[in-house]
Structures are given as C-alpha cells and as structure tokens.
Amino acid sequence: MTLLEAVPQATTTAVALPTLLLSGMVWVPALAAIGLLFFPTRTDAHRERIRSFAIGASALVLGLAVVMWYGFRDQSGSFAYEETRPWLPGAGASYHLGVDGISMALLLLSGFLFFFAVLASSRVREQTKEYFVLLLILETGVNGVFASLDYLLFFLFWQLQSVPMFLLIARFGGARRLRAAWKFLAVDLAGSALLLLAILILYFKAPTRTFDMVTLHDATLPVALATLIAWLSFIAFAVRLPVFPFHTWFIDAQAEAPAPVAMILAGLVVKLGGYGIIRVDVGEFQDAFHKIVGAVIVIAVVTVLWSAVAAFAQDNLRRLLGYVVMSHMGLVLLGAAAAVPLAINGAVLLMIADGLSAALLMLLAAATIERANTSSIRAMGGMAGRMSRSTMLWVLAALAAAGFPGLAGFVGQLLVVLGAYPGHRLATPLALLGVLMVAGVMIWSIQRIFFGPAAEHLSRVRDLGTLELANGVGLLSLIVLLGVLPAILMDSVNFSVLTMLSRGGG
Amino acid sequence: MILTLLAAAPKGPLDTWSPTLLALFALLLPLIALLIILAFTVDSRRLSAAISVIFTLAAVVCALLVVAIEIAHPIHLERNATFLQLLTGQTGSASEFLLQWGVLADPLAAVMLIAVTLTSLLVQVYALAFIRREDGPVRFFSVLLFATFAMTGVTLSTSYFEMLLFFGLVTLSTYLMVGYWWQREEAAAAAARAFVLSLAGDLALLAGIAYIFFRFGELNFQTLATQYTGGKVSANGLFIMSILVFLGAAAKSAQFPLHAWLPGSAQAPAPAAALLHSAGAALCGVYLLARAYALFHASPRALALLAIAGGLTAVLGVLWALFQENLKRAIAYTTMSELGLMVLALGIGAYGASIFEVFAHAWPKALLFLAAGVIIRELRTERLAEMGGLWRRMPLTGWVMLIAVAAGAGIPPFSTFWSKDAMLSKALALRSPIAIILITAVTFLGAMALVRIFRLAFTGETARRRRFEPERIRDAGGRIATAMVILAIPCTAAGIRGIRGRTDPIAFVTFPGVTVSNSHFVAAGIIAAAAVLGAGIAWVIYARPRPVVALEPVRRAMAEGLFVERAYHFGAAGLLMPASRAAGWIEQRVDATVDLVADSVAFAGQPRRWLPDVRPRQLVIGLLAGMVVLATVTMMLAGRVIGKVG
C-alpha cells in the first residue's frame, strides 16, 4: 500500500457552509479596527466601550474559528473552505483562501490567543483606541497568512504584520522600546525582502504566470532554482522563527513589548515562521528542501542548545522567557526538517502547545513584574507567600514549557523525537539536552522568583486578580485539554501532513 | 490467608470482578479525591483530609482484591485505550502509529500496588495529626494524593509510553514533596535538584523509547517481551537500549552517580519522605527495571551493568549513611543502599528476591521516617549529635523504631532478613564470590548504620541546648501512634515464610526463565550472623561517640557523600553560567551589527519625533496606502513580464 492509498479519501462532499467564513476570520478584525476609528475617546467610559468592542470582535473571530474547526473535522487532508475570487487577474494573482488541518489548528490557536490578549489588555490607559486598532490589524495579518493560498496574498498579509507590531512596541512598550521596535522592523523587512525575492523568482521562472500555490505546486523548476527558492524562503521564515544568529530582535522585542503584544509575538508571530517552513519549504519544495536539510538540522540544534544555554545567565525575566520560546522553536524546526509524518505532526502540536504555554508565561510574568516593580529575577524571591495562585499557575506553565506529561508540550516533543530519531540520531539526543536545560532554567526560575525567604519590599504584593486568574485558567485548561486528548486536534493535522508529504515536491 | 481463600472460592463474586477493573479503580480513586479536593473542599481542612483518607482506603481495598485474585490466578491481564492514533508512512508503506494507555494486572503490579496504596494510607493517617494548620494540610494531602496517583500509574503502566508519562508525574510529585517547605532555601534548592536529575532520567528514557520504537515499532511491555531475543536487534543495540532505560530508572532509584537528589529529599516533611522512600518515587526505577526485565535478560552485558551499578550504589550508600550527622539524611542514605541491593539482585538474576526486597523494605523504611518525624518535631533538631536518651521519654516511638531498625537491618525474623536471605541464596547458587561478599558486607554495614541511628538517638543522655527543655518531650499518641503501630506489623510479618512451603510470601511473582531459588540454610545463617554482628558492633562503637582526629578528613568526605552533590553544583554553576555569559557576550556583538542597520534606518527616516503624534486614522490610511503601493509595484512588475510574454 502506498502512502497515498493510506490517506482516507474525503467521504463527504465539499462543505456546504458559505465560504465567507474564512474571509470573515481574516477581515472581521480589520473591519472592527476601522469601526473603532469612529469611537470617541474622551472619557473612561468611552475607553471602556472601545475595549468591550475589541473584546466582542475578537470573540466573534474566535467563534468563527471554533465553528470552522467543528465543521472541518470530517475533512481529510484537502483544503477546505476554499474561496477563490478574481483579483489582479492580469498579474496572475487571485484572492484564494483555504485551510487544511495544519492551518486550521493554527487559526484556532490564533483565535484563542488574540481573544486572551485583548482580554488581558485592561491596563492600557492611554491611546486605548490606537492600541486596539493596531492589535486588530495585526490579527488580520496573522489570520491572513494562515488562510492564504496565493503567494502574493500570503506576502501582503505577512507584510501587514510588521507595521502594527512595530507601532505597538514603539508606542506602548517598556523603557527601551524604540530600540527594540526599530530592530524588529529592520530585521523583519530584511526577511520579507528575501521572501518577496523568492516569490518573484518563482513567479517569473514558473511555466505558468501565477501566484497560486496550488497551481504552482505542479510546476517543475530546474533543481538549482528550486534549491535557491527553498533557501531564500527558509531564511526568510527562519528569521521569524527565530533561529540563531538572527534572534536578537526577538529577545529585545519580547522584553520591551507590552504584555499582551508579547503574548501574540511569542505565541503567534514567531509560529508563522514555523508555519511558513512547513507550508512552503516542506510542502511545496520538498525535494529542494531535502537538499538543504543537513544545514537546517544543524541550525535547529544550535538554536535549541544556544538559547537554552543563553537563558541561564538572564536576569531579566522576560528575556529569559524569550530564550525558552526560541529553544522550542528550534525543536519545531528540527521536527519540520525531519520531514516525516510523525515529526511534522509533532512540530505542529509543539507550536500550538508552545503558543499556549508561552502566552500563559508572558501573562504571569507581566503580572509578577508589575507586582515586584522590577523585571530583575535577582530582586524577586519568596513571592509564593503572597501570590499562591500565581505560583501554582506559574509552576504549571513552567511544566508545560518543559514538555511535561499530561500537558500539551509532552506529546509534541514525543512525536518530534520519535519521528526525527531514525533520520537524525545525533541531532535528536542533542536537542533533548536542550530540552533538559530549558526545564532546568524554568524550575530554577520558580525557585528564584517564588520560593525562599520573602524579600522585604515584596511582603505586601497582591495576588492575581480575577481577570488575570480567568485568563490564566482559560489558557491552562486548553493546555491540559490538549495534553490529555491530543487526538481532538491531531486527526485532521495528520491527514493534512500525509497529504502534503504524499504530493511530493513541486 | 482469608483473602487467598476468598479469591480461591470457585463461584464467588470475585470471579466476575476483573482484576484490571479493580486496578483501574485503585488508580483513579486518588485522582478523583484530588480533583474533588481542588474543586470543592480547598477551604476545609477536615473535609479534605477525610476525603483523602477515605478514597485512599478504598484504593487499598481494591489493591487487596487485586492481590487476592493474583495469588489465586497469577495471570497477566491488560485493558488498553487509545491515547493517540496517527497514520504514518515513513518507508513508502503506510503504517499506523498508536500510543496506548491502560492498566494491567499481574503479580508484579499487585505486589507494588498494595505497597503503594497501603503506605500512602498509613502515611496519611499519620499526617492527619502531624501536619499542623500553618503548614497547609490541604496542600499536603493534595500532594500526597498526587504522588499516590502517579506511583499507582507507574505500577499499572502497560507500555513504555505510559511509563514515561507517569514517570513525569512522579518527578513532579517528588518536586512538590521535597519543596514542600518552600520558604527554606535548602528545601527549594533540593527540590529543583530532584526535578532536574529526575527529568534527565526521564529524557534518557525518552531517548531509549525512541530507539526501541525505531527498532520494534511497538512500545507495549508484554508484546515486546518476546521480541527482544528475536534477532531484530543486534546485541549492541539491545545493550544501548538497556543503558538508556537503566539511566531512566537510575535517576529515579538513586543509582550512583545519579543519586544526588536522594539525600536532599530528606527535606520533605516526614510523612512525605516516608512515602517517597518506601514505595514512592525512589522505588519506581527498580519497578521499571523489573517491568522491562525481558530487555535486560536478553542482554548479558545489561545484567552485568545492573549488577555493577547496584553493587556500587549499595556499598557507597551504606558507607555514607554511617557518617551522616543529620537523622533524615542518614535514613535516606540507607534507602540508597537498599535500592542498590535491589538492582544488584536484578543483575544477578534474582528477580523474585529483588521484588521481595522491594516489598519487605517498604515497611521499615516508612516506619523509620515516621518515627524520625516524631523525634524531630519533639526535639526541634535534625542533628544526631543533639539527640540521645529518648528511650525513657518516648517509649512507644522507641519500640517501633527498634522494630524498624531490626527489620531494615535484616535481623531474623524481621522483614528484610528474608529478602536478603533470598538474594544471598541466589548468589550462592551462582557461586559468584563478588556478589556473596557484596550482599554480606552491605547487610553488615547496613545493620551498623541503622543501629548507629538508634543508639545515638535513644540511649545516653539528652543533650542540653539553649531554650530547650528535655522534660517537655512527649511521646507520640493518637493517630500518629496508630499509624506507626500498624506499620510495625508488616515490618515484623512481611517476610515470614511458611504460607506455602519454603518459598517467599510473594513467590507468585515470577519471571519466565528465572528460577525461584529456595532458601538456603547457609544463606540464612550468613545474613543472620552479619546483621547481628553489625548491630552488636555498632551498639558498642557508638555508645559514646568520640571524634577520632585522624579520621576527620575521611569523616567529612563521607558525610558530604564524596562531594558528588557539590560536583553537580559545580557543573551547573561553574560551567553553564560562564557558557551562558559567553553566549550573551557573543550576542551583543551580533546585536551591534543589527543595531547599526536599525539605527541607520531610523536615522534616514528621523521619525522618532513624529511617531508619538500619529493618529490612528492616519495610521490606517498609511497602511492601506502602503498596501496599494506594494500591489501597484507588483502589478507593474507583473505587467512588464506579461508585456514581454505577450
């Protein structure tokens, strides 16, 4: 039985639901952002209304995502909710949206994380309107990348994220925000330029003059050219991932961005890099990617180990968390590069798990930093006495980040390791060493922040408020749910991964 | 006896009760209790404690029924459910990737199950009175329930995957128990160390699982048991698998040099330490080795590895125990030597004897820690040098401690005498002089170490300290006394032969291909002589401890456990931190170039002045304009090409 035969063919007909659902997920946030522009912002009540509106918009998107995911489950690997409209026909571009299991899972993550991020944004007192407008535009950008099946569209949505992200960091961030924002913009534009270059090369060299991913998949390119495109797009995505040595923007942005934006940055924006590698490099340029896989594996392992080692000396709590996320993304890269079904399944699950746990950690870190009035770990200590809820959540979040059984990351790591091991018998144990170090640094952080005798100035801090607790418990329950029942997500992901791999290289 | 009869009844109700179902109950009851407590009764100490004890009691009943059924019909039963099922097609042909979890019932699991649940129950009864209000009893019972659940899960695991999953939970429960008094710097550090070392073992096990899955495409213990010898994997491959699995077990069961967390685990509250050392985290490594014994049995080198590592651990542990100044650390090191003996027994093929040792050792060790908890609470010190003369003031604690010491030391007819006798019988049958000498020496020294503790704490005069009045010491009573007295019963009776001929009471735990060696009178004589002699010598030596100046460096080195813990600390602090700082330095250099680019972009635009003044409307217009420009450029480019083509 060949691989293709093993993939169950779709038994149901195409989904009868209006195909506007996907467009809704992409454009509702943008429309809401435009709508927000007309809100007055003079009084506190006005600001509260703006926040409620933003919460409503993100909840609507989340609802759409859940409905779509529910309707999606009986599909098997093919693109669903496809929507094709003519758009720039002269250039060969079209408005082509569609999701498979992989992007559906990530869209669901996006819906949840943006919802929690908007909920967690209650502390933004000044320029509330600008803040939510930018956040919602960012959501359009993120969802658009997951949904597009057209390279031009993909690129435009990709580009759409940089400006809101830049402004969010530059205007709402910490003390050194401008520096971090410019660094983000410069690196991101450089990465995007490479992506654009790759797309244009593909566009001009392919036999058919089109930007459509599905059509271009069947195009045959000279080997050297395909390898070049694979390299270019890999570097563009890897900068976002981030991999060593292009990661300093991420650590800075992570430390300076306001907490909800940091949630989105660590939970979604870097995941787009992983998604890009899986979708474009593994999915579309499989054979070419196979040629560069040795280098990619080395990069992945170096990223895992480097960030794990670098995390130890960090005194700034949020920089430390940045390295932890980066280390996981290295593991995701390892899984994607292994290019076997188990490992890619694991990589997708790991991205989702890490998105959730990173968001939870960012949330708790922001709360802790606010209480302690410093982001220096050395200045904290013994906070468990006053912050028992926070401690409990932090321990569980740290365990989730450490890939603990019963929590989402465990199955992801297990699949990556089981899948990557046969092909890469040295790289996989080395990556496990990185996992151990990340777990060590997280456990040590618990010890330094929460345990031990309480410092004098920390003896009167408040515990988490109701809203913070609700956010935390919401994220945590998703983590536990995925850890105990990974099958609810993995079935459709698995079919898509199999379909993707069995279609072969373009 | 009664239970045996019950199970043997031909048409009794027990026949319809599947042992796996009962095992599943035993597994889920602590978890359900934990969830009830967390969800509903967090605020009520009494209710939480009551729920905890009642559910654990129910789990004990289930465990007893499983034991009864397994004694009557020693069979292996499994009940599995799908955890995750994926299609894979790595080599062209489609295959299915299946992760299962479930419960099993077999003699080995039954023995462990009763040890875990019963110790947990007694420890909880003890904790009812021991954990005071300000220590957070609800948190303590939650942690105990979680530990019980995790350990029961390990006991009932059907596959390597499930074992790994529950190993992780055991790691967490150890962390929570050791770090229970988190305000203490040492406790927090010991907890972190326990977590990291345990996790290192778990990851080694994960690597082993990846290798096993890669070779066999299967993770179920029972299915794999017959495949190791099938020639699918070379001898070297089997040896590597064994090493990786052994590393996972060694980190949990404190085999040298991965034992560094065990002495620190004495930081846990006394009842938690009792569970940890008797049938909890420290035992699950040995249990994994027993469960995966087919793998080791298929590779002679792996058995040799077990024997060597176990022997080394046993000797070092007992030597270090002799030099400890801290009561709980001294007991902890004796656990290490017993764990070494169990692994050694597995290595020389004494499978039944090793499991017997697990079973026989659990009770005295739990009792020792519980008694130590009473002593420490009354004396408000953990230092042996500050104790003494407690025999008159705490007669009940003294008696149970004496029984525990005798049982742990292997003095006939107490529990571990019989298991050590079984081990030595096997060694004698093998005619292996090293094994014989090791077991005898460890018995001798172990008896010395335990009697030393008793001698220092209970005889002589109570040392006087500032703000401490020996007259106010009171003996244990109530629930604490009940738990200890109940535990003293299995300490006395757990090993006694004669239930069925001359074989062990747990002789129904067998491994195919390994013969159960009957007791050897020579072996019994040697063990009895070694234990009694060791006890007598310790009684004389430690009557009035005088520091011998010449031995001072030796004493310090031994008390520090040959500085292994410090070596780990140095490895972490001395290597990782400089490496981490170096990484940070390199990153700054990398960063500088990126900054240069960013600064030049910023300089070119000079936008910092207007940035804070942009209004959202302008922003959106700008964004849309940008998109339009980008689209136009693309279209123009595209149009040029289309023009060329057309």
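This is a predicted model: local features need pLDDT of at least 70, side-chain atom pairs count only at pLDDT 80 or more; totals for chains, interfaces and linings use all residues.
Chain A has a mean pLDDT of 86, with 95% of its residues at 70 or more. Within chain A, the lowest confidence falls in helix α1(A), residues 3–6, where the mean is 47. The highest is found in helix α4(A), with a mean of 93.

Chain A is divided into two parts: domain 1 covers residues 1–220, and domain 2 covers residues 292–499. Between the C-alpha centres of these domains of chain A there is a distance of 24 Å. Where they meet, 21 residues of domain 1 are in contact with 19 residues of domain 2. On the domain 1 side, helix α4(A), residues 101–119, gives the most, contributing 10 residues. The make-up of that side of domain 1 is 13 nonpolar, six polar and two charged residues. The helix that gives the most to this side is also the element in which confidence is highest.

Strand β2(A) spans residues 94–99. It is paired with strand β1(A), residues 80–86, in an antiparallel arrangement joined by five bridges. Within this pairing, Arg85(A) has Tyr95(A) of β2(A) as its bridge partner. Strand β2(A) is mostly covered, since five of its six residues are buried.

How values were computed. Residues are numbered from 1 along each chain as its sequence is written. Chains are lettered from A and ligands numbered from 1 in the order in which they are written. A residue is buried if 20 or more other C-beta atoms lie within 10 Å of its own, exposed if 12 or fewer, and partly exposed in between; C-beta atoms are placed from the backbone. Helices (H or I, at least four residues) and strands (E, at least two) are DSSP runs, numbered from the N terminus. Two strands pair if DSSP finds at least two bridges between them. Domain bounds come from an automatic or database domain assignment. Two residues are in contact if their C-beta atoms, placed from the backbone, lie within 7 Å. Ala, Val, Leu, Ile, Met, Phe, Trp, Tyr, Cys and Pro count as nonpolar, Asp, Glu, Lys and Arg as charged, and the others, Gly among them, as polar. pLDDT is the predictor's confidence in each residue, from 0 to 100.
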